[in-house]
Amino acid sequence: MLNQLANKEHWKSNFLDIYKNIKADKIIYGLIIIFSITVTIIANLNGYDTKSQLIGYLLLLPTVLQLSFIIGSIGYFIVLVYRKEKRPLYCFWQQIIFFYEQRYQIISAFLLLVVISVFSSYYSTFKAMIPVLHPFEFDESLRQMDLWLFLGNEPWRLIHNLYQSPWVTLGLDFAYNVWFFLVYGVLITFLVTQNGQNRRRYVLAWLLCWIVIGNLLALLFSSVGPTFIGRLAPDHTSYEPLMALLHQQDRWIQQHVPSLLIWSLNTQDSLWTSYSTGKEMLGSGISAMPSMHVSMSVLMALGVGSINRKLGIIFWCFSFIIYIGSFTLGWHYAVDGLVSGPITVVIWYLCGSKSILR
């Protein structure tokens, strides 16, 4: 009888801890709810028949969790080797024990991650609605801004002229694709390992970057980007040399290693098919200005740097690589990242306000 009462009290205490964690994250849950309702209302008012898979990101969640665990484990072992730990397996086992002891905090983090996955679906829905709400019109203006910033030179030409090897392009493309898993891997790391204000600050900044930069500013500066402008307006041929070069490098790579390819080109084709046929896919919607790849890379550098300065420097280097890849792979104009990066920094510091995190 005493054991039953003790177990009951134990479970009650654990569920109370979960409730406290959810309550502490009320500003995050509230933001997601308001955003989701707003997107739904906007879609209905504009007659947008959304076919978006609102559970699409939920279905992807197990894969993201598995890859995050694998990448995190490998990264932790690298850290242990770097520290020259004499018993790395024992240290790893101790981490497993620690996570088990913190399992109810992890459950709270998982619940929040599920809600964030739903948020990602609504974000994707809004992004797909951009041409309905504001037809693409800023591409030429952004191109002219690039020319002005780089003294009459096309930014992509300046970078591609620095190297001739397709392997460099493949490396940039690899980083551009790894970015997705890092975005969610770092988010999960903050959800699971960080407590209190630092955790809420990162998650809140993460959400606001997607909403403010990825949706609102993308709507205001509606544009498709270099890879799509020629398909949208066939008379716009300014970026044909860039795309021809990328396809040439892709063919060269596949001739030497058939299993490798520049994935960005396939993704661009899939996104254009989704846009032109109205058939939605996971992550559908095309938008250039501002660059969310750069925004999230900068946010990861800021967040990770707040925990570990040396690791933060590595992420800042990654941000620079992503910025270069953003316009050399045809996704963005160079100015797109120059806008989203600083705005991300502003959002990060605003989210550090104690009045917001209470």
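Biologist: What makes helix 8 count as kinked, and on which residue is the kink centred?

Modeller: In this predicted model, the axes fitted to the seven residues ending at a position and to the seven starting there define the bend, and in helix 8 this gives a kink of about 30°, centred on Trp 179.

Biologist: How do you know what span to expect for helix 8, and what is the distance between its end C-alpha atoms?

Modeller: Helix 8 covers residues 166-193, and its 28 residues, at 1.5 Å a residue, should span 40 Å; the end C-alpha atoms are 39 Å apart, which agrees with that expectation. At the start of helix 8, a side-chain oxygen of Ser 165 comes to within 3.1 Å of the backbone nitrogen of Trp 167.

Biologist: Why is Thr 169 called buried?

Modeller: The cut-off for a buried residue is under 20% relative accessible area, and Thr 169, with 0%, is therefore buried. Thr 169 lies in helix 8, and, leaving aside its neighbours within four places in sequence, Thr 169 is in contact with His 160, Tyr 163, Leu 246, Gln 249, Ile 262 and Leu 329.

Biologist: What makes the pairing of the side chains of Thr 169 and Gln 249 a polar contact?

Modeller: A polar contact requires N or O atoms within 3.5 Å, one able to donate a hydrogen and the other to accept it; the side chains of Thr 169 and Gln 249 make such a contact at 2.7 Å.

Biologist: Why is the pair Arg 143 and Glu 140 called a salt bridge?

Modeller: The limit from a side-chain nitrogen of Lys or Arg to a carboxyl oxygen of Asp or Glu is 4 Å, and the side chains of Arg 143 and Glu 140 meet at 3.7 Å, N to O, so the pair qualifies. Both residues belong to helix 6 (residues 139-149), where, being three residues apart, Arg 143 and Glu 140 are separated by about one helical turn. An α-helix has 3.6 residues a turn, so residues three or four places apart point the same way.

Biologist: How do you know that Arg 143 is buried while Glu 140 is partly exposed?

Modeller: Buried means under 20%, exposed means over 50%, and partly exposed lies in between. Arg 143 has a relative accessible area of 15% and is therefore buried, whereas Glu 140, at 34%, counts as partly exposed.

Biologist: What makes Glu 140, Arg 143 and Glu 154 a network?

Modeller: The side chain of Glu 154 also meets that of Arg 143 in a salt bridge, at 3.0 Å, N to O. This pair links distant parts of the chain, with Glu 154 in the loop between helix 6 and helix 7 (155-160) and Arg 143 in helix 6, eleven residues apart. Salt bridges thus link Glu 140, Arg 143 and Glu 154 in a network, and Glu 154 is itself buried, with a relative accessible area of 9%.

Biologist: How many salt bridges does a search of the whole structure find, and what makes Asp 269 and Arg 231 one of these pairs?

Modeller: The search finds three. The side chains of Asp 269 and Arg 231 meet at 3.1 Å, N to O, and this pair links helix 12 (residues 263-277), where Asp 269 lies, with helix 10 (residues 226-232), where Arg 231 lies, 38 residues apart. With relative accessible areas of 33% for Asp 269 and 31% for Arg 231, each is partly exposed.

Biologist: What kind of peptide bond joins Met 289 and Pro 290?

Modeller: The bond is cis, with omega about -5°, and Pro 290 is found in the loop between helix 12 and helix 13 (292-307).

Biologist: How do you know whether Trp 348 is buried or exposed?

Modeller: Trp 348, in helix 15 (residues 334-350), has a relative accessible area of 3%, under the 20% limit, and is therefore buried. Leaving aside neighbours within four places in sequence, its contacts include Arg 201, Tyr 202 and Leu 299; Leu 299 is 49 residues away in sequence and 7.3 Å away in space, C-alpha to C-alpha.

Conventions
Residues numbered from 1 in each chain as written. Predicted model: local features only at pLDDT ≥ 70, side-chain atom pairs only at ≥ 80, totals over all residues. Heavy atoms only, no water. Helix = DSSP H or I, 4+ residues; strand = E, 2+ residues; numbered from the N terminus. Buried < 20%, exposed > 50% of the residue type's maximum accessible area, 1.4 Å probe, protein only. Expected span 1.5 Å × (residues − 1). Contact = heavy atoms within 4.5 Å.
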